[in-house]
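Subject: Structure handover

Hello,

Here is the structure for your files. My notes come after it.

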Amino acid sequence: MIIDANAWLGQWPFRQLRHNDVDGLLRLMDANGIDKAVVSSIHGIFYKNCQRANEELAEAVSGCHDRLLSFATLNPHYPGWERNLQLCRNDLGMRGLRVFPAYHQYDLTDGPSLEMIAAASELGWPVTITQRVVDVRQRHPMDTERLIGVAEFEAVVAACPQTSFIMLNALGLEGSAMFAGNREGGRQVMTDISRMTAVMGNSMGVMVEKYGAGSLVFGTGIPFNYPRPALLKMDVLQADAATKEAIYHGNLERLLRL
Amino acid sequence: MRIDVHSHVRVRDGRLSVDDCHSLVDAADRLGIDQMWCSAPAPGAMPEPEAIRAGNDAVIEAMRLYPERIRGECFVVPGWYREALDEIDRCLDAGMIGIKLYNQYFINDPAVFPVIEKAIDCGIFVLDHAGHLMDTPTRRLQPKISDGVHFADLAGRYPEATLIMGHIGGGGDYEWSLQALVDAPSVFADTSGSVIDEGMIEYAVGLLGAERLLFACDLSEEAGVGKVLGANISAEERQAIFGGNAQAILSRRKAR
């Protein structure tokens, strides 16, 4: 079983994407042996009103909840997020929250942000933060070049001790102590492997050794990225079968109560 | 056969880091990479000849450690005119197979022409660190990094040169550079870098043809192998990219 923590649906305004509707994404997953994927709508990053993107996403995945696990996108500085959070959980069948402070232009630890993260946490939802969505070195001139730094991750993790977090597309986290607090039954802090490596610097191996298998989740970044590099990393990761199973699916199953 | 045409060995305290060299070969073993073409560029806007030679000495040591796996690319800074040409001779005599340039000069700068002419005389390739950078911090750090437009201009002046534009996955706007290279058939592009944009290999094959693409990692090993394995291209195209084209480039070398 493979569950991808880092998948997306919709149009990216600055680059052509393929396999970015439900049928295309499922075909790409099938071709690569990926059973399930956590998805959010790319449109939620760019629409002023994220909730319209959440509604689109819910309709798109309505026939395949067994494979596509939808996460809401919300902006804590846009009116109505409190109600929309509840709607996403109760009416739209969503299972977690993705936030985009670089695009929605706020600080992760400002008041509204912490309030929204706490509200998501009360629903039992994990909160996902992307260090970047795409590589800023090849950005469109109208795209952001702000990256979420390790210190920002650490600050919000420290400020929200009850919240489980998943970091996506992140580099340089293996030296951070924010993963050290994972305990059975407690909140979990994890990062996906999409920008990590299992050779040379071996950041994946370092994370497993320092913080346990519970600190990593499998993630590809499809359809932005080819999925094959992430699968290769898992193939060459020098770890026992139980560790690989935890990364491939166990950690997310536990977090999302699948 | 998988030949990574753009790789590096590390220099620590002025010498080859043997541990890093072992790690590179271990990664290659695990990912099915047969050969790595390595350089060790000296950092800085205008590194001194001694530092340049120390980097090349580290590559020569790595070649001796792993003669079947590591082949050398001679790093030079064209602005050190006489020293650069002498260093190319020294490195070729030690068994290196090509020239590596970094971002000290745009590749179509006249200061680079003697190095290009030397490469033509020897029948060897010139691989240049490249990218069309779009973010402010990286662009400030590399004001003279070459992109496809610079390569196309140089190829117009020296169509007989074997030029390799480094790492389309190195972070810049690779579509910009690939578009600029369409009518510069003597320029190859290597696929290295951490960027694994879905469709990038298919796009490059469609625009340039598989015969102008060279597999490479630039130390992003899983990304390098994975994007070529994951691309929806024919087996023949994949084989050409993975090693066939690189072998053909090697056959252009003239006897010394």
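The notes below cover chain A as a whole and then a helix pair in chain B.

This is a predicted model, in which local features need pLDDT of at least 70, side-chain atom pairs count only at pLDDT 80 or more, and totals for chains, interfaces and linings use all residues. Residues are numbered from 1 along each chain as its sequence is written, and chains are lettered from A and ligands numbered from 1 in the order in which they are written.

Chain A has ten helices and nine strands (DSSP runs, H or I of at least four residues for helices and E of at least two for strands, numbered from the N terminus). Its radius of gyration is 17 Å, close to the 18 Å from the globule rule for 258 residues, so chain A is as compact as a globular protein of that length (taken over C-alpha atoms; the rule is 2.2 Å times the number of residues to the power 0.38). The C-alpha trace of chain A spans about 45 × 40 × 40 Å along its principal axes.

In chain B, helix 3 (residues 81–93) and helix 4 (residues 113–122) pack with axes 10 Å apart, at an angle of about 25 degrees (axes are lines fitted to C-alpha atoms over the stretch in contact, and angles run from 0 to 180 degrees between N-to-C directions). The two helices of chain B are therefore roughly parallel (angles under 35 degrees). Contacts (C-beta atoms, placed from the backbone, within 7 Å) involve Tyr81(B), Ala84(B), Leu85(B), Ile88(B) and Leu92(B) in helix 3, and Pro114(B), Val115(B), Lys118(B) and Cys122(B) in helix 4.

Regards

Notes: Angles under 35 degrees count as roughly parallel, over 145 as roughly antiparallel, 65 to 115 as roughly perpendicular and the rest as oblique. Two residues are in contact if their C-beta atoms, placed from the backbone, lie within 7 Å.
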